[in-house]
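Subject: Structure for you to look at

Hello,

Here is the structure I promised to pass on. My notes follow below it.

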Amino acid sequence: MHYANIREEELKNKVAQDYFWLLDCTQIIGNVDFCVSLHNSKPELDIPPLLWAEAKKGMADIQKSISQLILTIGKARTFDKSLPPAFLGAFDAEKIAFVPYSEISDVFYQNDFNWKVTPSNHDTREFKLIHTKVQHTLDEQALIFYFGKDDKELHYFIKHNFIAGKYGINKTRIDKNNFMVIYNKWLTAVKPTIQADWELAKKAGIIDGDFYLADLLSEENTTLKDKLFVLLKTDTYHLDRKLNESGMFVTTSTGFTDKQKAHNQFWNIYERPPKEEYWDYIIGRRDLLVPQDVRERKGSFFTPQIWVELSQKYLADTLGEDWQDEYYIWDCAAGTGNLLAGLTNKNNIFASTLDKQDVDVMHDRIRNGANLWENQVFQFDFLNDSFDKLPKNLKNIIDDPEKRKKLVIYINPPYAESNGKTSITRSNVQVSKIHTKYSPKLEKVSAELFAQFLVRIYFEIPDCIIGQFSTLKLLNGTNSKVFRNNFLAKLKKCFIVPADTFDNVNGSFPIGFFIWDTKIKEKIEENKVDVYNSNAIFLEKKSFYSYDNEKGKINDWLNLFKKDKNDTQIGFLMADAPDFQNNNLIAILNEKGNRHGIFFAINQQNLIIASIYITARKIFEHTWINHNDQFLFPNDNWKTDFEFQNDCLSFALFQDKNRITAKDGTNHFIPFTEQEINAQERFESSFMTDFIKGKLKQNTTSDVFGNVTKARTTPLEFSAEAKIVFDAGRELWKYYHKSINHINTSLNKKPNANASLYDIREYFQGRGEKGRMNTKSEDEIYTKLVADLRETLKVLAKKIEVKVYEYGFLKG
């Protein structure tokens, strides 16, 4: 080996010095190991890099290294943030390989590929797919040079290929590798200066990408391709060209708000047009230029192939092995048709989509071998158009009650909302006819586009089968109760998967695939679903509930114990919506906050209630699986379980969401006396230790829970698990008070004798530049003590979990 027994960083330095010394190897681009560029003395020029490479110490499989590099680039979408290089490559201690970026760039634009895997894990399904996909290209196109033996040839290759284009570096040439990066730059530099109402343009099927294509395929500001939606002629865009009665073209035109200044400045640094050999490719990928909100509205977030395959397996398990021959299939939100990949009987398949351009893409795929009939792929606005517009053979199926029973509506509908006034709207989508027609049957979820799809299918294509991807809002969402009263169907099968495995979806929540039989009228109440991880490995079965028949939610229960106006207030419980996704907001505070949450004043009468509330919600970790689970109004059995109550108080006092701080007022939450923790000053408040010892007088008029009030007049008896928590907490407080004369330089102040748990954490952990508390401390003793405390809390939490289910705060 030429570079034997050296580390990866040293290898990169030596390769840079030995072979690329005339070039810039100092740039760090995304997570790419090794980047080579021209030295750029004019930062205003957008010069593309020359090489992105994967580096490996020792000896490695070059093809696998390049496959890892592709996953690294695709996962971070580095090609969206930086102009892509002329070459991708990889090297180890023995050799280096190059492959033209253009030969494999298509791999980054797969519609249904999961880029979220760890690139360095060569055992994942995604890595193997990438490796298989590029292996032939690498066999045919990769240039491999061995260090030392091939040095002459390697130096020649670098000298003659790692140079600026033949037109110099004053202008960047545009090709199929970089036209998307330049489009993203164009959006901020040029689009704002075009005189256009973009919302009206989108309604007419014109997108900003059409203006970009008009610019891109121009020479001297004149579009060379005349079959585009928009044409540029000097300083004016022309669109909506129609023939009038005289046979003459009539056009709509628009110009610029700044006399084309920004437009000219932008295009001065790029070479236009691209080579003609790229034109058809760039025009054919207009779908990549569709804006985010339009993609949401049209459902253009492609279903990963792994879930397409699993959904079709579930359909086969439900409807029978020969379901594709026995049933008709209509994807009425098809986008470009990837949900239909793998289906075999094209005679029975129909696909429709809102956008004519998507229909064109599907027709092009058919001409290239897709298993569909062109006349059964058509443009149709499912939320607005009449079924009279459907192809005759599909309309006949819908009109025939018996054939309708053999129709599967197989969809991944859009998730955007149709009313810009709703609280979680992601795009302002025009209110549809279906929204208007069925709003009373949907009520609070009427803005959800996928709910509109379902309600039209249910009422206008009765007795069909629905196979549908969506979130779980309609299954157990609080706002979906009216929908559930109207949508009566048998859920035959369902699986859920992590939402972040879908294209452009972020967040820790489930997306499900539901198979509904609308012939069977059944109210949605409890349903068991199959749970899969991101690699399609089965995890468990889980029950989901509608909660429609429950007495109420945990917040209704909390509301019964509001503080009497005459009682002394010791803090506030910040509560929020009663589901797991909002658990991170629950905390105990000194004062009310400014956010929209519920602020429950705590006093001696309801301290136990507040403790039960925060404990029930904080002992469980929020996961994508339990994201939608609801906390409920409990049964009465908790009232006489004093050990449970005291366990909850113990947990509430010592968990991290106790945000009481002596900085904001008197700290009533110190769970120890001065003598127990060797404090050198008297505490401002002994409320908590007095409460624990039963020394506080009760206000009998506030006795809303019977025996619980009487129990507070005697010392609390703690379980063995709770006592261990107190012991661990006591050691932490003792250590803090040992530091009573120590000045924490990061806070530049002495410790406060009345410090709360939150204050102690802040003292030892400090805060970062942005004011947030650091997650770690350099003090090893503190680190061990706080870790010990958290371990004891985990043990206590496990004990309490059982009671939370037993008393009905959660359904198991």
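The ring count comes to 70 aromatic pairs. Bear in mind that this is a predicted model.

Start with Phe654 and Trp733. Their ring centres are 6.1 Å apart and their planes stand at 90 degrees, so this pair is edge-to-face. Phe654 has a relative accessible area of 1%, so it counts as buried. Trp733 is buried as well, at 2% relative accessibility.

Next, Tyr735 and Phe764. Here the centres lie 5.4 Å apart with the planes at 20 degrees; this pair is therefore stacked. Tyr735 is in helix α27 and Phe764 in helix α28 (residues 757-765), so the contact ties together parts 29 residues apart in sequence. Tyr735 and Phe764 are both buried.

There is also a phenylalanine cluster. Ring pairs join Phe20, Phe34, Phe87, Phe91, Phe98, Phe145, Phe157 and Phe162.

Now the surface. Glu321, Asp322, Asp325 and Glu326 form a negative patch there. Where does Glu321 sit? Its place is the loop between α13 (305-319) and α14 (323-326). Is Glu321 buried or exposed? Its relative accessibility is 77%, and exposed means over 50%, so Glu321 is exposed.

Best wishes

Technical notes: Residues numbered from 1 in each chain as written. Predicted model: local features only at pLDDT ≥ 70, side-chain atom pairs only at ≥ 80, totals over all residues. Heavy atoms only, no water. Patch = residues over 30% accessible without salt bridge, like charges linked within 9 Å, V, L, I, M, F, W, Y side chains within 5 Å. Areas by Shrake-Rupley, 256 points an atom, 1.4 Å probe, with all protein chains shown as cover. Salt bridge = Lys/Arg side-chain N within 4 Å of Asp/Glu carboxyl O. Lys, Arg positive; Asp, Glu negative; His and termini not counted. Charge placed at Lys NZ, Arg CZ, Asp CG, Glu CD. Helix = DSSP H or I, 4+ residues; strand = E, 2+ residues; numbered from the N terminus. Buried < 20%, exposed > 50% of the residue type's maximum accessible area, 1.4 Å probe, protein only. Phe/Tyr/Trp six-rings, centres within 6.5 Å; stacked < 30°, edge-to-face > 60°.
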